[in-house]
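Student: I have a structure open on my screen and would like to learn how to read it. Could we go through it together, one feature at a time?

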Amino acid sequence: MQASTLASRCMPTVPALARILPGGGLQSGSSYAVRDSATLAMALLAGPSATGAWCCVIGVPDFSAEAAQGFGINLERLILIPDPGSQWLSVTAALVDVVSIVLVRTPEHLAPTEWARLKARLRQRGAALITLGSWKQSDSTLGVAESAWEGLGAGSGHLRKRRMKITATQPSGRLRHAYVGLAELQGTADGTVLPGAPSLGDGDPAGSLFEPRLMKSS
Amino acid sequence: MRSTLPAAPTATRTLMFWCPDWPVTAALREHALPADTALVLVERGEVFACSPAARQDGVRRGLRIREAQARSTGLVSLAYDASLDERAFEPVTAAVETIMPGVQVIRPGLCAIRVKGPARYYGSEEKTAGVVVDTLAAIGLTDVRIGVADGPFAAEQAARATDQLDDDAAPVVVIPPGGSPWFLSSYPLEVLEQPKLTVLLKRLGIRSLGDFAALRASDVRNRFGLEGAVAHRQAGGLDHHDVVARTPPPQLDAVADFEPPLARIDQLAFTMRTRAAAFIDTLRGAGLVCTALHVSLHTESGEVSARRWQHPRWFDADDVVDRVRWQLQGANASDHGLTSGITRVHLVPDVVEDLGDHADGLWGTGPDESIHHGLARVQSMLGHGAVLTAVIAGGRLLADRRVLIPWGDVPAGSQSPGPPARERDQPWPGRLPGPAPATVFADPRPAVVVDARGNPVDVDPRGLLSADPAFFSAGSDGGQRPVHSWAGPWPISERWWDPKGRALHRFQLVDQSGSAWLLLLEDHAWWVEASYD
C-alpha cells in the first residue's frame, strides 16, 4: 500500500458543489474562500460532517446552528469559537491539527510567512480551511453570483425555495458555475442534476434557467 | 417456600451512636448557620426534616412548605440533598475511626461499633461511650446519643431511649449483658418497622415486643415465615445483623493551604501544578479516574467560590490546574488581580470511574481523543467559555433557539435530551417558517425601512401596516435597497404578563439583488435579525 502524499485526498462533498470545485470536491490540505455567503460555507461543511468529520467555526459569532443542522451538519461534532481575540492564528493552527475542516472569518491581517506556515500545517494534517470573505491566497473562491427566492409576494407568503448561481474561481482565473437550488445544497434533493439544467459550463450565460415567476437579478 | 435464616443469631455487644436530625445538622454545618435557626429541608414541596427551633413553632415532617412558612416566620428552607448527609457524616466517621476501629455506618447519623475491644481498652462500656461523646464534641458535634446493648437493634433503641434521661446526664444508656430482652419487652411492636406484621400481631392480641418474644420461635416461623422469624429474634434481643466494620475509603480529595495567601493567578497556577499532579496520582493509584470535579477556593476575606466542573473524558493534572484558573478568572473580571488572596484550594473528585473503563485501547481510543486534547489546549488559551458547542432549543426568536454550551459541560456524545431538546418539540406559534437563515446576528443590527414616499414604515397597535415597504437599508453598508418582495407583519408576543416580555413584528424582505433578510420591528425601531446570505 502506497500512501499518496502528493495527490491530495478528496473529502466527501455535496454533489452540487463537487461539480464546480477543482478536483471534483473539497481537497484536504486546500483553502477555499467563500464570498460572504454563510449558506455556501455551510454547504461545504455539510459533506465532511455528514460522514463523521469534526468541524470548527472560528470567529463567526453570527453562525446559525439551526441552519447548520438543516444542512446536515452534525452539531455534536461542530465546535464554535466565536471570539478567538488576538490569538486567531494559534487557535486556528491548534484546531487545524485536530479537526478536518475549519471555517474562519477572513483575518484582517496575516503575514505571508504565517500564512505559509498555516498552509503547510493544513497540508500536513490533511485539513481544509474555508474562509468567509475574500481571500486572495486561497486555492479557490466560491461565491453566489445570482440568487432568487420563491414563495414571497407583496405582503404575502414566506420564503420557500431559493435558486442560486454559484461560481468557483480558481487562481488561474478559470471560472466555473452551476445553478443549484437550496434543497440540493441541503442534500434533501438527491443531488441529481435537475432536468433542463445544464449544470456545467465555463462562462456560459444560462440566465434562462430561472423560471419566469422567479425574480432574476444581475 | 422454605428458606433458611440468613445467619445464626448473635449477640454482639454493640455501641450505637446516633445524631438526631442528622440532615438538619448536616445542612446547618454545611451552610454555617447558627444552631438555633428555624430550618426546614424540603423535598418535593414538603418538609422532609426540620430543626428543633422550627419544631417548636409547630413545623412537622410532611407539611406543605407554605403551611410551614405560615407557622414559623423567619423560616429558612433549603432543598434536601441526600448526598450532603453522607458527605457531612464522613468527618464524623473518620473522627471515631481514629480512636476505635470497626465503625459501621448504618445510615448517615447512625453508626454501630463492636464494643468488646474498645471496652477492654478504655476500662468499661460507659467509659468507651464517654470517649466517643468527647471525641465528637471536639469536632463540634454536641448532640450525640449513645446506646450499648446486646445487638444493633437493641442498641439503637437504647440510644433513642436517652430522650428520657435528665438533661444534665451524659446521653448514654447502657443495657447490661443479657438485659436486652428485658429492656425491649415494654416497647410497642411499631419499632420493628414491619407494618403488616404489626397489624396482624395486634389482632392476635400481642401488643409489645415482650409478648412477641415470649412466643415459641418454631411457632412464629411456621406462622409468619422468614420475616416474622427475624423480627422475633430482634424482639428477643438477638440480632441476625452483625456489626460489619467498614474499610475506611482512601483519602481522594486534596487540600492545598497557602500561607501567606497567594494574590496572583499565575502564582496559584504554578503552585497548584504539583498539588494537582499528586491529586491525580492518588486517584490513579486507587485505580480511578475523575470525570467531575468539585473545586472550592477560599479567600483571605472569607469568601468561598465553589463550582462543579465536568470533563468530556477525565481530568489530568493540567486540566485540574486549568479549572482552578478558570474558576478564578470567571469570578473576577480582571485577569490577574484577585479581590483578596487565596488561602485554600480544595479539590474533591465528584464523580470517579474505574480506570479500566477509560483505559486507552492498544491502538488508541480513536480519533476523538486528539479532539479532546486539541480543544483542551484551546480552552486553556482562551478560557472555558470560549470553546462552545451548539444545541437547538425551543423559541420564537432565532437567537433564543441557539443555546451555546461550553465544551466539556455536557459530555460529548451523550444522547440524553435536556430541557432545551424537550422544549424544541413544542409547537412555538410564531416561529419562523421555511428554511432557516444562515446568518443570525448575535446582536441585531439597526435597520431603516421606508415606504415609496420616504416615510418610515410602522405597525399600528391593531397590527396594521402604515404603508408597504419600498426601500430599506440594513446595518453597516447604509445604502438604500429597493424591496422586491416582502411578507409580514408576523406578530410575536412573548410573555405579555411579564414586564420583560416582548411584543414585536417580524418581516421577510427580498431586495433587488436577491438577498433575503429577516427584520424585526419593536417599539417603532427596525432591526435586522438574520440574513439569508
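Student: How many bridges join strand β1 of chain B to strand β7 of chain B, and do these strands run parallel or antiparallel?

Tutor: Before we look, keep in mind that this model is predicted. Strand β1 (residues 14-18) and strand β7 (residues 145-149) of chain B are joined by five bridges, and the two run antiparallel. To see one of these pairings for yourself, find Met16(B), whose bridge partner in β7(B) is Gly147(B).

Student: In what order do the strands of that sheet lie, and which of them stand at the edges?

Tutor: The sheet is an open one of five strands, with the order β5-β6-β1-β7-β8 in chain B and a mixed pairing. At its edges stand β5 (103-107) and β8 (172-174) of chain B, and because each has a single partner strand, one side of each is left without a neighbour in the sheet. If direction is ignored, neighbouring strands here are turned against each other by 20 degrees on average.

Student: Which helix packs on this sheet, and which strands does it touch?

Tutor: That is helix α4 (residues 82-99) of chain B, which touches β1, β5 and β6 (110-114) of chain B, and its direction makes about 155 degrees with that of β5(B).

Student: What is the order of the strands in the sheet of three in chain B?

Tutor: That open sheet has the order β3-β2-β4, again with mixed pairing. Here β3 (46-50) and β4 (76-79) of chain B are the edge strands, each with a single partner strand, so one side of each lacks a neighbour in the sheet. From one strand to the next the twist averages 40 degrees. Strand β2 (residues 39-43) of chain B pairs with β3(B) in the antiparallel sense over four bridges, and Val40(B) has Cys50(B) as its bridge partner in β3(B). Across β2, β3 and β4 of chain B lies helix α1 (residues 22-30) of chain B, running at about 110 degrees to β2(B).

Student: Turning to the two chains, how much area is buried between chain A and chain B?

Tutor: The size of an interface is often given as the accessible area lost when the parts come together. Between chain A and chain B about 3,800 Å² is buried, and carbon and sulfur atoms give 62% of it. In this interface, 47 residues of chain A are in contact with 51 residues of chain B.

Student: How many salt bridges does the rule find across the interface of chain A and chain B?

Tutor: The rule finds two, and one salt bridge is that between the side chains of Glu66(A) and Arg401(B), at 2.8 Å from N to O.

Key
Residues are numbered from 1 along each chain as its sequence is written. Chains are lettered from A and ligands numbered from 1 in the order in which they are written. This is a predicted model: local features need pLDDT of at least 70, side-chain atom pairs count only at pLDDT 80 or more; totals for chains, interfaces and linings use all residues. Side-chain values use heavy atoms; hydrogens and water are left out. Two strands pair if DSSP finds at least two bridges between them. Axes are lines fitted to C-alpha atoms, for helices over the stretch in contact, and angles run from 0 to 180 degrees between N-to-C directions. Contact means heavy atoms within 4.5 Å. Buried area is the accessible area (1.4 Å probe) that two parts lose on being put together, summed over both. A salt bridge is a side-chain nitrogen of Lys or Arg within 4 Å of a carboxyl oxygen of Asp or Glu.
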